[in-house]
Amino acid sequence: MNSDEIRSGFLSFFESKGHRIIPSSSLIPHGDPTLLLTTAGMVQFKPYFLGQEMPPSPRLASCQKCFRTTDIERVGDPTHLTFFEMLGNFSIGDYFKKEAIAWGWEFVTKHLKIPEEKLWITIFLDDDEAFRYWREIGVPEDRITRLGEEDNFWGPAGDSGPCGPCSEINYDLGIEFGCGRDTCAPGCECTRFSEIWNLVFTEYNQDKGGKRTPLPKPNIDTGMGLERVAAVMQGKLTVYETDVFAPLLERVSKLTGKKYGADEETDHAMRIVAEHSRGIVFLTGDGVLPSNEGRGYVLRRLLRRAALFGRRLGLDKPFLTETAQVTIDQMIHVYPELRQRRDAILRTVQHEEARFRETLNTGLEMLEAIMDRGAGKREKSLSGGEVFRLYDTYGFPAELTAEIASDEGFSVDQNGFEYEMEEQREKARAAHKFELGEKAQIEGLAGIKGTRFAGYSTLRVDSAIAAIVVNSSAVKEVTDGQEAGIILEATPFYGEMGGQVGDTGDISGATGRFQVTDTVRIPPGIIVHRGKVVEGVLSVEDVVIATVDEQRRRDIARNHTATHLLQMALRQVVGEHVQQRGSLVAPDSFTFDFSHLTALMPEEIHEVQRVVNDRVRQNLPVYDEELPYRKAIEEGVIALFDEKYGEKVRVLRVGRPPVSAELCGGTHVTTTGEIGFFYILTERSIGSGMRRIEAVTGREAEAQLEKHLSDLRAIAREVGATPDNVREKVEAAVNELDLARRRVEGLERELARIEANALLGQEETVNGVKVLAARVSSRSFEIMREMSDLLREKLGSGIIVLGTVYEDKPAFVAAVTPDLVTKGYDAGKIVREVARSTAGGGGGKPTLAQGSGKNKNKLDEALRLVQRLVEEQR
């Protein structure tokens with residue numbers, strides 16, 4: 001039975017038991033700051049288990065994409081994985097242990113047809129109820145093992161959440177794989193037993209302090225690793241021998257000319273490349289981009305570790321796009337979103353691998369030189385500074401350096417590395433740190449269900465007040481001047497969601513009026529109108545009229561529809577790899593974040609703007625429809641990477657046939673002509689591989705154009721021109737200034753060369769190293785760097801530190817020749833300490849760095865420090 005048959009068979013089986021099949025959620029957990037990545041099937045159902053949201057059905061089943069970071073360094077052995085698929089069935093307050101156990105046994109023995117005598121069961125120490133149910137279906141008592149909390153109590157996904165005792169189904173590989181003891185059973189440290197299914201009986205909610213309280217209703221959360229079951233069903237000893245990895249290992253074998261199974265060292269490297277290639281595709285496909293923190297750092301580690309082990313296999317050219325392509329082709333029928341994200345995945349992989357390869361050889365040579373030097377001194381440890389330099393200069397993740405060093409018998413000073421990281425960055429430095437957003441914790445709303453939203457078709461609704469909130473507590477009434485949150489049974493007000501800001505407006509009743517200044521959403525689907533009573537009194541159950549600020553809503557709608565047209569235009573002009581990564585849709589403007597590796601060219605910005613305005617002038621219809629999520633994705637509808645979608649989704653289309661189709665719950669214009677005009681204000685980087693466009697439409701676009709025309713007329717007057725010929729006048733003036741500037745720079749460089757030559761002969765020798773520290777007259781970092789280059793060339797080997805006063809502050813440039821860098825001297829460290837003595841700081845590469853301070857009177861004193869710093873570095 002292949003993996004596709006196992007996956008579809010599992011879902012079909014539980015569908016026949018009344019379960020609703022839910023698509024896999026993203027590897028980026030939605031709305032859960034306690035988790036870095038989705039680690040289990042229950043993650044997307046956590047709000048249901050906690051009673052925060054209503055599930056679409058009390059019985060659910062899924063095949064969930066999962067990623068666990070704890071085993072990255074262990075991947076390469078025959079068992080460990082980072083990315084895997086988890087099959088699971090879930091009960092939200094419906095069935096419990098009896099049914100979960102019976103159905104689990106039925107699927108394994110009747111549908112997978114695994115012989116009963118090959119199966120062993122584990123249960124929690126005191127779970128007599130589970131023991132009874134296993135015995136009732138015929139499992140012999142001697143094949144049921146009781147284990148403690150470490151093995152058979154399932155903790156929360158993250159630092160808090162649902163948890164409970166569990167029971168596992170284990171496959172017996174045979175006594176030949178065991179330890180030989182008569183007591184050998186699941187829980188033994190030998191390799192005889194393989195866990196294939198974990199049935200978690202979720203009974204408690206655990207808080208961050210570890211305190212457990214009973215859930216309102218017990219739940220079921222099960223997890224079956226698809227890859228492990230495939231190994232059992234296909235008679236393989238490891239997951240790498242199954243059909244899951246066969247295409248990848250075949251491609252790696254073809255690329256390297258090496259055969260899998262020939263020798264363990266080669267197999268180890270091939271498994272790393274194959275396994276990481278899967279993780280790379282799915283992380284990138286769900287919107288993760290390589291970076292130096294958080295999820296992006298996990299992806300970067302995978303990419304660079306795979307590239308390194310590919311190099312060990314003899315792959316001296318980029319290859320990860322080829323293995324990524326194999327994964328996409330293999331999995332696209334299961335996860336159709338890979339089809340529309342293929343280009344983005346391949347571009348990201350290609351770019352990151354190329355960046356790493358630029359420094360890989362130099363970094364490895366540097367690491368080898370450090371270890372050779374240490375071995376010569378009988379020091380088998382890498383300092384934190386050395387590990388940091390490899391990370392900062394050559395892009396080696398510290399974990400990768402530690403892994404390479406460990407292979408050679410070296411340890412790593414991890415604490416020292418962390419100290420260096422903290423010194424370099426004063427921002428958040430823990431890769432797994434996520435801030436909790438402000439959440440409304442409101443008492444007294446237990447009976448309130450979701451608010452009915454009527455704002456797609458009307459801006460005015462007759463409704464009744466369902467609840468009133470003041471200072472996070474429900475109250476019966478509010479009076480003139482009080483700030484509060486009002487919850488209606490039905491509302492035309494859009495609550496902030498999906499990047500669109502909340503509506504403002506007015507709620508009026510017979511006895512009072514409430515001015516709405518913002519509208520937000522809280523679980524489970526409740527819309528809260530924030531604002532202030534401006535007249536009279538309002539009470540719970542009052543009949544009121546809710547009216548949205550029409551002009552503001554229409555401005556928001558213009559901007560929101562424009563974001564859809566903008567994404568369409570970007571994909572048309574820049575490339576299909578472009579994917580939205582976020583937005584903020586307000587009445588006066590909007591921002592649109594998207595994936596792209598380089599800045600847009602001016603002509604690209606112009607063409608994007610032209611395409612959007614062309615669609616605006618065509619006055620295309622804008623309309624929505626409801627579809628099953630999977631059907632929408634298969635039709636090519638665009639979805640946000642980190643958004644959580646239900647089984648049914650709202651599809652917003654523009655044009656017939658559509659020129660744009662996206663999943664969207666926001667409010668929009670009815671035809672594109674209502675947008676009026678679209679104008680891009682800025683385009684800039686907001687991080688590695690991420691760009692942001694700020695734009696305006698309608699009235700604000702008109703105001704921006706008028707301002708620009710007014711500025712143009714003012715500039716024309718200043719240079720004695722008309723708006724028609726002002727460009728030529730300004731260009732002539734700029735060219736004249738550039739010519740004068742170049743003449744001045746030429747004179748400065750000539751003076752600097754003379755001054756640098758005059759310094760030769762003033763160097764001193766410290767521990768056999770030539771050291772030159774001097775004040776110079778240059779007022780430019782660039783020219784000081786050129787002077788340091790000249791002096792390095794003339795000296796051949798040495799350390800140079802130059803200082804000057806620039807813009808009334810001390811400024812420094814330090815340079816170290818390459819031969820001295822290999823001996824441990826570091827220009828960045830030297831300049832940092834020199835600048836610190838003048839109340840400043842600095843940094844850079846080991847060969848060249850610069851810094852500045854605040855106290856110019858300490859410049860000469862700082863330069864005198866250089867000799868001592870050189871002595872200490874040695």
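Leaving out its neighbours within four places in sequence, Ile 196 is in contact with Ile 114, Leu 119, Ile 169, Asn 170, Tyr 171, Gly 223, Met 224, Gly 225, Val 229 and Val 232. Apart from the core treated next, there is another one of 28 residues, and Ala 569, Phe 594, Leu 652 and Ile 693 are among them. Keep in mind as you read that this is a predicted model.

**The largest core**

Ile 196 also belongs to the largest nonpolar core, which has 148 residues. Together with Ile 114, Trp 134, Trp 197, Phe 245, Leu 283 and Leu 338, Ile 196 touches the most other members of that core. Which helix gives the most to this core? The answer is α11, residues 337-376, with 11 residues. As background, nonpolar side chains in soluble globular proteins tend to be buried together.

**A helix with a buried face**

Trp 134 brings us to helix α4, which spans residues 128-136. Buried in this helix are Ala 130, Phe 131, Tyr 133 and Trp 134. Why do they line one face of α4? Looking down the helix axis, you would find the buried residues within an arc of 165 degrees, so they line one face. Just after the helix, Gly 138 takes a positive phi of about 105 degrees.

**Rings and charges**

How many aromatic pairs does a search of the whole structure find? There are 24 aromatic pairs. One of them joins Phe 13 and Phe 14 edge-to-face, with 4.9 Å centre to centre and 90 degrees between the planes.

| Arginine | Ring | Distance to the ring centre |
|---|---|---|
| Arg 132 | Tyr 133 | 5.0 Å |
| Arg 312 | Phe 309 | 4.6 Å |

Arg 132 lies over the face of Tyr 133, a residue that is itself buried in α4. For Arg 312, the charged end sits over the ring of Phe 309.

**A strand covered on both faces**

Strand β3 runs over residues 83-91, and nine of its nine residues are buried. On one side these are Phe 83, Glu 85, Leu 87, Asn 89 and Ser 91.

Which strands pair with β3? Strand β2 (residues 59-67) is joined to β3 by nine bridges, and the two run antiparallel. Within β2 and β3, Leu 60 stands opposite Phe 90. Strand β9 (residues 212-225) also pairs with β3 in the antiparallel sense, over four bridges. There, the bridge partner of Ser 91 is Ile 220.

**A buried serine**

Finally, look at Ser 788, which has its place in helix α20 (residues 781-795). Ser 788 counts as buried because its relative accessibility is 0%. Not counting residues up to four places away in sequence, Ser 788 touches Ile 800, Leu 802, Val 813, Ala 815 and Leu 848.

How values were computed
Residues are numbered from 1 along each chain as its sequence is written. This is a predicted model: local features need pLDDT of at least 70, side-chain atom pairs count only at pLDDT 80 or more; totals for chains, interfaces and linings use all residues. Side-chain values use heavy atoms; hydrogens and water are left out. Buried means under 20% relative accessible area, exposed over 50%, partly exposed in between (1.4 Å probe, protein chains only). The arc is that of the directions from the helix axis to the C-beta atoms. Rings of Phe, Tyr and Trp (its six-membered ring) pair if their centres lie within 6.5 Å; planes under 30 degrees apart count as stacked, over 60 as edge-to-face and the rest as tilted. A charge sits over a ring if NZ of Lys or CZ of Arg is within 6 Å of the ring centre and within 35 degrees of the ring normal. A nonpolar core is a set of buried Ala, Val, Leu, Ile, Met, Phe, Trp, Tyr and Cys residues joined through side-chain atoms within 4.5 Å. Contact means heavy atoms within 4.5 Å. Two strands pair if DSSP finds at least two bridges between them.
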